[in-house]
Amino acid sequence: MRLHHVQVSMPRDGEDEARRFYGDALGLQEMTKPPALAGRGGCWFRAEDAGVVVAEIHLGVEEPFRPADKAHPGLLCESLPELEATAARVERGGYPLSWAERDTFEGYIRFHARDGFGNRIEVMTPS
């Protein structure tokens with residue numbers, strides 16, 4: 001068994017903000033939602049490595065919306081330079097970012113950020 005995707009909630013009409021964070025700041029590629037699901041709102045993003053999908057996040061509209069405070073997807077970068085470049089894009093986007101738990105997960109270096117809706121996101125790399 002493998003993980004196919006993680007669903008993250010967003011408020012209605014938040015697609016542009018989702019694109020700004022998940023696309024521009026995190027560097028994920030937006031993908032077209034299947035026609036049967038497109039009318040629900042939201043948007044989907046993925047990362048690929050040599051044509052293989054390695055991460056997929058689906059942002060779905062939830063009403064009433066409440067951001068995830070503790071639950072979060074954990075995205076894995078291949079290297080410290082990639083992690084630091086991602087952190088720099090997140091910070092340039094004006095999103096909250098913290099290195100407070102940088103070395104608290106043995107074997108990894110990481111940061112936590114909040115998307116434009118307040119959802120928690122973890123980005124890490126092997127140390």
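Visitor: What should I know about the model before reading its features?
Guide: It is predicted, so local features need pLDDT of at least 70 and side-chain atom pairs count only at pLDDT 80 or more, while totals for chains, interfaces and linings use all residues. Residues are numbered from 1 along each chain as its sequence is written, and side-chain values use heavy atoms, with hydrogens and water left out.

Visitor: What is the volume of the largest pocket?
Guide: Rolling a probe the size of a water molecule over the atoms shows where empty space is left. On a 1 Å grid over the protein atoms alone, a pocket is an open set of points where a 1.4 Å probe fits, with protein on both sides within 12 Å along at least five of seven lines; lining residues have an atom within 4 Å of a point. Grid points are joined across faces, edges and corners, and the volume is the space filled by probe spheres set on them. Here the largest pocket has a volume of about 700 Å³. Its lining has 29 residues, and Ala47, Val54, Ala55, Leu75 and Leu76 are the closest to its centre.

Visitor: Which element gives the largest share of that lining?
Guide: Strands (E, at least two residues) and helices (H or I, at least four) are DSSP runs, numbered from the N terminus. E4 gives the largest share, 5 residues. E4 also gives the most to the lining of the second largest pocket, with 4 residues; about 170 Å³ of space lies in that pocket.

Visitor: How many disulfides are there?
Guide: A disulfide is a covalent bond between the sulfur atoms of two cysteines. With the cut-off set at sulfur atoms within 2.5 Å, the count comes to 0.

Visitor: How many salt bridges does the structure hold?
Guide: Side chains of opposite charge can pair when their charged atoms come close. The criterion is a side-chain nitrogen of Lys or Arg within 4 Å of a carboxyl oxygen of Asp or Glu, and the structure holds 11. One of them joins Asp16 to Arg19, with the closest N and O atoms 3.3 Å apart.

Visitor: Why are Asp16 and Arg19 separated by about one helical turn?
Guide: Because they are 3 residues apart in helix H1 (residues 15–25). Asp16 is exposed at 61%, and Arg19 is partly exposed at 32%.

Visitor: Which residues are linked in a network of salt bridges?
Guide: Glu101, Arg110, Arg120 and Glu122.

Terms used
Buried means under 20% relative accessible area, exposed over 50%, partly exposed in between (1.4 Å probe, protein chains only).
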